[in-house]
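Here are a few notes to go with your look through this one.

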Amino acid sequence: MNQIDIERTALRSRMLGGIRSDDEGAELELAGWVHRRRDLGGLIFLDLRDRSGLVQVSLGPDWTEPASLDLAHQLGAEDVVAVVGSVVVRSPENRNTEIPTGDIELRATVLRRLNRADTPAIPVYRSPEDALPSEELRLKHRVLDLRRSELQENLQLRHRLVLACRNYLDKLGFIEIETPILTKPTPEGARDFLVPSRLHHGEFYALPQSPQIYKQLCMAAGFDRYFQIARCFRDEDLRADRQPEFTQIDVEASFVEPDDILGWMEGLMVALAAEAPRIQAEVPFIRLTHAEALERFGTDKPDLRFGVEIQDWTHALARLDAPVFSAAVGEGGRLRGLLLEGGAKLSRRQIEAVEGSAKVAGAPGLLWAKCSDEGGSGSLARFMDEDAYRELGTKTGDLVLVAAGTDRMTSPALSAARLAAIEALEIPEDREHAWLWVVDFPIFEEGADGALTANHHPFVMPHPEDEDRLEAEPLSVRGLAYDLVYNGVELGSGSIRNHDPKLQRRILRLLGLDDAEIDLKFGFLLNALASGAPPHGGVAFGVDRLVALFVGADSLREVIAFPKTTTARALFEGAPTPLDEEGLAELGLSLSRAEDQAAPARTGEGDGEQVAHASGAET
């Protein structure tokens with residue numbers, strides 16, 4: 001079946017975007033939206049739009065039937081119309097080189113209005129100098145907003161990426177398996193969205209934060225290679241660019257080690273990049289251990305497009321008569337910093353802005369020195385001598401930034417300062433597309449209260465060299481876990497899973513769960529592992545973030561059809577909404593509010609304190 005046959009429907013012979021000068025003389029019936037109308041009195045031009053593109057339609061007294069010409073004078077923006085006419089090649093001086101169909105127009109003989117549109121609340125047609133309406137207004141009128149060519153192209157690319165993913169994984173023998181949406185709560189680092197059961201008052205389902213446990217169960221069941229384009233839900237605190245519901249490419253395979261997963265996923269990124277003109281992916285990707293990434297770049301998602309790296313200058317600087325240095329080293333810290341070639345050209349205000357980024361990241365401040373023939377200037381310069389400058393490898397015109405303290409403080413501070421300095425100095429990229437695997441993440445990290453928490457999630461297999469230190473030195477135990485990073489943005493993470501039920505129980509105990517809690521929350525998983533689960537592992541990538549990066553969007557909301565706001569509201573459909581007393585009673589719930597607090601306005605930012613009580617359940 002050829003392209004025109006695929007596009008043909010009862011109301012049109014083809015879509016608009018593929019019409020070219022080779023179609024000259026063809027009699028076509030086209031349908032779409034009136035993007036713009038230009039009325040020149042006797043002659044009328046319509047820009048007709050569908051998802052595939054735009055075509056100019058001309059109507060005039062010499063070739064258009066009178067009733068159709070009268071109707072053309074009455075059309076408004078976004079009216080839905082059908083036209084019949086012939087393709088005409090436009091004269092050279094009238095061609096529009098900015099659109100693919102700019103060499104032709106449809107000379108219409110018949111025009112029909114299929115549906116009248118109200119005056120659009122926000123414009124779909126914009127001239128190049130017109131600014132977009134506010135995002136809140138665009139989300140409130142999302143159907144109109146989605147008609148913009150930018151969003152249409154974004155969502156079409158999203159479709160192609162997901163399709164390419166399915167095709168690639170299918171060729172590798174992966175099977176797409178759907179896992180439950182209504183499940184039980186899991187401790188994955190964010191709050192669950194809870195769904196009350198109408199049939200079992202006082203009991204609740206949870207919407208899945210990820211299919212993690214279910215895909216492990218699929219491996220225990222012998223499916224060997226699983227994938228899913230999975231919908232996931234996290235009731236997180238408000239963040240600028242996070243969505244409470246999102247989509248991920250979820251992958252799991254049996255009898256694997258990290259190299260298997262990493263190699264397959266590099267191939268997947270190559271397949272996806274082939275669909276996106278802005279992106280290139282060349283394999284193999286760079287690999288850094290988690291410890292090396294923190295040491296050299298201060299973060300577990302470094303942007304490797306730039307060569308600036310953090311240096312350990314403890315040996316060179318500790319001997320200097322600087323109280324802040326001796327105090328930091330005396331408390332077990334280090335003296336680490338950045339050497340910025342040509343950085344002395346930055347003004348004091350620019351350096352203070354770089355220092356401000358380090359303060360936001362948790363440092364009390366940075367010491368700095370501009371290197372010159374006279375010795376240098378800045379807060380660090382008064383402590384420096386020629387030997388110190390020599391050991392740091394500086395030359396005239398360079399800038400030195402130093403942070404003193406524990407790695408836990410200096411790493412994020414210097415990471416933030418590195419990115420701010422790169423931007424301020426306009427340092428050129430060493431490479432345009434920096435793909436990176438960060439591997440060997442620690443299994444545990446220390447929470448604010450000093451208790452152990454899972455770094456990725458509780459199901460990571462410990463590195464075989466570190467397992468014997470699990471109880472004695474848990475923070476030193478590496479896991480077979482990995483993250484994929486592109487240009488400083490984490491695209492996804494994964495690990496080899498713990499297939500040993502006894503070892504899994506040890507890890508859950510270290511996370512503060514007793515055996516009764518373990519059996520209650522994870523008994524079904526441990527039973528599956530005990531049934532003879534193979535070694536297995538996998539990875540998951542955020543589709544929304546992938547697409548946003550691939551199209552160069554500033555916000556995830558530009559690649560999601562109906563996104564939520566930063567306050568987790570759906571402005572177009574008006575969700576969430578209150579439930580009346582009858583609806584609550586059917587679920588066995590009642591709603592109480594903080595004392596003397598009025599019901600919140602549904603259009604406002606805050607929802608007030610509300611507590612749902614389930615009849616028959618502890619609250």
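1. Arg305 is buried in this predicted model, because its relative accessible area of 19% falls under the 20% cut-off. Its salt-bridge partner is Glu429, with N and O 3.4 Å apart. The pair ties together distant parts of the chain, 124 residues apart: Arg305 sits in the loop between H8 and strand S12 (310–312), and Glu429 in the loop between H13 and strand S16 (435–439). Glu429 itself is partly exposed at 39%.

2. Arg112 and Glu29 also form a salt bridge, at 3.2 Å from N to O. Here strand S5 (residues 104–115) supplies Arg112 and strand S1 (residues 27–39) supplies Glu29, 83 residues apart. Arg112 is partly exposed at 37%, and Glu29 is partly exposed at 23%.

3. Within helix H8 (residues 290–297), Glu292 and Arg296 are four residues apart, so about one helical turn separates them. Their closest N and O atoms are 2.8 Å apart in a salt bridge. The whole structure has 52 salt bridges.

4. Do have a look at helices H11 (residues 348–360) and H13 (residues 407–425), whose axes come within 7 Å and cross at roughly 150 degrees. H11 is therefore roughly antiparallel to H13. The contact involves Gln350, Val354, Ser357 and Ala358 of H11, and from H13 several alanines, including Ala413 and Ala424. By type, the contact residues are eight nonpolar, two polar and no charged.

5. Pro277, in the loop between helix H7 (258–273) and strand S11 (286–289), is exposed at 83%. Its C-alpha lies 8.4 Å from that of Phe550, although 273 residues separate the two in sequence.

Methods:
Residues numbered from 1 in each chain as written. Predicted model: local features only at pLDDT ≥ 70, side-chain atom pairs only at ≥ 80, totals over all residues. Heavy atoms only, no water. Helix = DSSP H or I, 4+ residues; strand = E, 2+ residues; numbered from the N terminus. Buried < 20%, exposed > 50% of the residue type's maximum accessible area, 1.4 Å probe, protein only. Axes fitted to C-alpha atoms, helices over the stretch in contact; angles between N-to-C directions. Parallel < 35°, antiparallel > 145°, perpendicular 65-115°, else oblique. Contact = heavy atoms within 4.5 Å. Nonpolar A, V, L, I, M, F, W, Y, C, P; charged D, E, K, R; others polar. Salt bridge = Lys/Arg side-chain N within 4 Å of Asp/Glu carboxyl O.
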